[in-house]
Amino acid sequence: MNHVAKFTGLPEGVREFGFYVGGSWHAAGDRPQSVRSSPGHGVPVTRIALCDVADLDVAIEVARAAFRSRAWSGASGAERATILLAIASGIRARLDELAYWETLETGKPITQSRAEMADAAGHYEYAAGVSRTLHGDSFNNLGDDMFGVVTREPVGVVGVITPWNFPFIVLAERLPYILAAGNSVVIKPSELTSATTLILAEIVAESGLPAGIYNVVTGLGESIGQAMAEHPGIDMISFTGSSRVGEKVMVAAARNFKKVALELGGKNPQIVFADADLEDAADGVVFGLCHNAGQCCVSGSRLIVEEKIAERFEALLVEKFSRVRTGDCLDPATQFGAIVSDAHLQKILGYIRSGQEEGARLVCGGGELAIGNGRYVAPTLLADVKNSMQVARDEIFGPVLSLITFQDFDEALELANDSPYGLAASIWTKDIDKGIRAMRGVQAGRTWVNTTIAGGPEQAIGGFKQSGLGRETGVLGVEEYTEVKSVHIALGKRKHWVE
Ligand code: NAD
């Protein structure tokens, strides 16, 4: 079967994956398997093994043994950097293949997948640098009889659970940082989109990373995901997904006090002041909603617009939404992707109906788009929304924009912060004082002024309130996966306590 010769049209057959533990591939054998259909085409594309808790136990034991061997935890920052750079090169060398399978499993446009793969490689390159600069602190101010140092050590075995919407880039925002700190990992990707995490195992195998440091078990969240969160052999859990499941993970992790990093959902405000460049703001709002067809944790789905320009802005949005290029997600011209599952499509349509029942006005979109055998929802604008309505409170996770108006600065901030979430926010204004005051006032871990969904490895990301705990990427993203040890070293003869 030809899986790798082209990366353009649909594959000639279903690509089957085993799972990867201890530097070896394991076939599904008599385990149940799960077949993934492409959301953009409705044809089966991949098949993965549904591992059980016994498989997870083995992977964790292997990861623990690899950690104890110190082959990686004892490697120098320079050695770790070399391997992380090799992984980055491997990603760049297989970028078209990775992007192709990412698009087939997620339904995102191929151009977006390619950009995500290139960005992912950048995270491995950046983390390589941090692995060489990672350090603790020293205290030479404790008097002549004492010297203090603070060291950073890897935590141990980190369990990584990832979502379906950004399988490869979300992993890239965690894995290289976890590895840079010297940890071992057991990864459980989403059962819907495991392919690129498994292809990465081939790249990792060629990079020289010692066997047993990178392990992938595939399967269901309720079984092996939950078991990973509970497992005493996991020292830290890094979970990215919904706030509903994040809560379960935190409760499970509390039983043995393992460290947790949680990156969860959002209902992110886009505040548009009347003095903004409205063309730029409308373009940003349309991009912020259509990116990944709204199935994006930082999707700018709550539009908070100054009343006096609301009508004009609404017209600008409708015009721009009509020009978003839809089509086959494997076509490089396509900008707008498919919806992950039938159940999710129905959920999105249900929200559009409930919004109208609560009094919102449907301005554009509102239904499905017919593109081949794929599953698509048209970019949808609901106006006259109140912040108390369900469509303004829940993370719909689809291309549905709720437009709410405000009269003055204080009301804009009040509306923006009136949400259980605090993941991201965008502010559009040409008044620098107003922009900075709004940036200071908004409760969001990622805040953009006159742009949206901008990012990169340099700056740490994470959420306020129910959007998460801890930070990923940047220098903090490596420090997050370390334990800090405070050391006092006495010099000279001890002054005895027992006289
Ligand atoms: P989800 O919470 O349903 O699943 C996420 C992962 O958790 C999957 O791998 C799933 O198999 C696993 N899982 C399910 N039940 C589990 C359990 N009981 N214990 C442990 N693991 C379990 O989320 P999803 O639908 O895959 O992804 C969408 C959600 O992810 C959205 O809420 C989105 O906002 C969020 N997300 C957040 C970020 C961020 O950086 N903040 C990034 C991407 C996605």
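1. Contact here means heavy atoms within 4.5 Å. On that basis, in this predicted model, residues 24 or more positions apart account for 73% of the contacts in the chain with a separation of 6 or more.

2. The C-alpha trace spans about 80 × 60 × 40 Å along its principal axes.

3. The secondary structure of the chain consists of 16 helices and 25 strands.

4. Regarding the surface, 56% of the 499 residues count as buried. The accessible surface of the chain comes to about 20,200 Å², and carbon and sulfur atoms contribute 52% of that area.

5. Charged side chains number 46 positive and 60 negative, and the centres of these two sets lie 3 Å apart.

6. One residue may be examined in detail. K434 belongs to helix α15, which covers residues 432-441. Is K434 buried or exposed? Its relative accessibility is 18%, and buried means under 20%, so K434 counts as buried.

7. Which residues does K434 touch, leaving aside those up to four places away in sequence? They are F273, D275, F409 and T429. With D275, K434 also forms a side-chain polar contact of 3.0 Å. The two residues are 159 residues apart in sequence, while their C-alpha atoms lie 10.0 Å apart in space.

Technical notes:
Residues are numbered from 1 along each chain as its sequence is written. This is a predicted model: local features need pLDDT of at least 70, side-chain atom pairs count only at pLDDT 80 or more; totals for chains, interfaces and linings use all residues. Side-chain values use heavy atoms; hydrogens and water are left out. Helices (H or I, at least four residues) and strands (E, at least two) are DSSP runs, numbered from the N terminus. Buried means under 20% relative accessible area, exposed over 50%, partly exposed in between (1.4 Å probe, protein chains only). Accessible areas come from the Shrake-Rupley method with a 1.4 Å probe; for residues, only the protein chains shown count as cover. Lys and Arg count as positive and Asp and Glu as negative; His and the chain ends are not counted. The place of a charge is taken as NZ of Lys, CZ of Arg, CG of Asp or CD of Glu. A polar contact is a pair of N or O atoms within 3.5 Å; within protein, one must be able to donate a hydrogen and the other to accept it, and residues adjacent in sequence count only if both atoms are side-chain atoms.
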